[in-house]
Amino acid sequence: MTGRTLANALRWMKDGTTVFLDAVEPDDAWLSAASRLPGWTRRHVIAHVAANADAVGNLVHWARTGIPTPMYPSPEARAAGIEQGARRPTADLITWLHRSAAHLASAIDGLTDEQWQRTVVTGQGRSVAATEIPWLRSREVYVHAVDLAAAVAFTDLPRDFLLALCHDVVAKRVSTAGPAVVLTATDVPARWSLGTDEPVSVSGSLAAIAAYLTGRDHDLTTADGAPAPALPPWL
Ligand code: ZN
């Protein structure tokens, strides 16, 4: 099976979690260095990924019990959790990262077919089937592994995940205003269109297109060498 099936998303979530955990060095200086995300140290990225496991776990609880359990009580609580988490002592932060990931994995393992079909509401307010939960988590662990500014780059992520990611981001972006761009992958047969005006054409590797679409550092240019047009925030 190709594409964003439940089986694939479960595989990506598991692999992406390993990729993220392996990229983290439990060293004070390393952790306090800047990540690729503006204003965030690696500690912030790790606190966010740990808090995300807990938040995604709330959706699993929702699917299991039918009791509405939002990811975060509020956007302010989400932000405060990241700030407080980033200030935890290193050993606590790393333990939280590992425990939250393990707890989420076992909670997901226990869902029944009926529970997978329950509707939950994401942090962005979308109503989705619980089968979407592993996809939400795979996005977080893989993309934030790159954000750690460590050993992981978009080129290291599985191609089938990158394809699904590009489809997902484009589906979100077509409903919001932004520049008109036609993106053609040079290493897989794939093409995406954004915007409604006369588009500029940009081509590059699938990894580079994924970086561009998710608002990360990229080296994509138009045919005449100009940088690809800047996109508004993705999430
Ligand atoms: Zn995130």
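**Packing of strands and helices around a zinc site**

Leaving aside neighbours within four places in sequence, L183 is in contact with A190, R191, W192, L194, V202, I209, Y212, L213 and L220. These contacts, like every value below, come from a predicted model. L183 lies in strand β3. The relative accessible area of L183 is 0%, so L183 is buried. The cut-off for buried is under 20%. Along the chain, L183 and M13 are 170 residues apart. Their C-alpha atoms are separated by 26 Å.

One of the partners of L183 is W192. W192 is placed in strand β4. Its relative accessibility is 5%, so W192 counts as buried. Residues up to four places away in sequence are again not counted for W192. With these set aside, W192 touches L163, C166, H167, V170, V181, V182, L183, L206 and I209. V182 and W192 are 10 residues apart along the chain. The C-alpha atoms of this pair are separated by 5.8 Å.

I209 is among the contacts of L183 and also among those of W192. This residue belongs to helix α9, where it is buried. Helix α9 is mostly covered, with 8 of its 8 residues buried. They are L206, A207, A208, I209, A210, A211, Y212 and L213. Just after α9 comes G215, which takes a positive phi of about 80°.

The packing of α8 on α9 was examined next. Two packed helices are described by the angle between their axes and the distance between the axes. Helix α8 covers residues 159-173, and helix α9 covers residues 206-213. The two pack at an angle of about 35°, and their axes are 9 Å apart. Their crossing is left-handed. On the α8 side, the contact is made by R159, L162, L163, L165, C166, V169, V170 and R173. On the α9 side, L206, A207, I209, A210 and L213 take part. By class, this contact has 11 nonpolar residues, no polar residues and 2 charged residues.

Helix α1 packs in two further pairs. Angles over 145 degrees count as roughly antiparallel. Helix α1 contributes L10, M13, T17, F20 and L21 to the contact. Helix α5 contributes L97, H98, A101, L104, A105 and I108. The contact of α1 with α5 has 9 nonpolar, 2 polar and no charged residues.

The second pair is α1 with α7. Here the axes come within 8 Å and cross at roughly 30°. Angles under 35 degrees count as roughly parallel. Helices α1 and α7 are therefore roughly parallel to each other. The crossing of α1 and α7 is left-handed. From α1, the contact involves L6, A9, L10, W12, M13, D15, G16, T17, V19 and F20. From α7, it involves P134, W135, R137, S138, V141, Y142, H144 and A145. By class, the contact of α1 with α7 has 12 nonpolar, 4 polar and 2 charged residues.

The zinc ion is coordinated by H48 (NE2), E140 (OE) and H144 (NE2), at 2.0 to 2.1 Å. Along the chain, these donors follow the spacing H-x91-E-x3-H. E140 and H144 both lie in helix α7 (residues 133-147). They are 4 residues apart, about one turn of the helix. Both residues are buried.

Two loop residues complete the description. A149 is placed in the loop between α7 and α8. Its phi is near 55°, a positive value in a residue other than glycine. With 25% relative accessibility, A149 counts as partly exposed. R87 lies in the loop between α4 (75-86) and α5. Because its relative accessibility is 62%, R87 counts as exposed. The cut-off for exposed is over 50%. R87 and A53 are 34 residues apart along the chain, and their C-alpha atoms are separated by 18 Å.

Notes
Residues are numbered from 1 along each chain as its sequence is written. This is a predicted model: local features need pLDDT of at least 70, side-chain atom pairs count only at pLDDT 80 or more; totals for chains, interfaces and linings use all residues. Side-chain values use heavy atoms; hydrogens and water are left out. Contact means heavy atoms within 4.5 Å. Ala, Val, Leu, Ile, Met, Phe, Trp, Tyr, Cys and Pro count as nonpolar, Asp, Glu, Lys and Arg as charged, and the others, Gly among them, as polar. Donors are N, O and S atoms within 2.8 Å of the metal (3.2 Å for Na, K and Ca); water is not among the atoms, so sites may look incomplete. Buried means under 20% relative accessible area, exposed over 50%, partly exposed in between (1.4 Å probe, protein chains only). Axes are lines fitted to C-alpha atoms, for helices over the stretch in contact, and angles run from 0 to 180 degrees between N-to-C directions. A crossing is left-handed if the near helix is turned anticlockwise from the far one by less than a right angle, and right-handed if clockwise. Angles under 35 degrees count as roughly parallel, over 145 as roughly antiparallel, 65 to 115 as roughly perpendicular and the rest as oblique.
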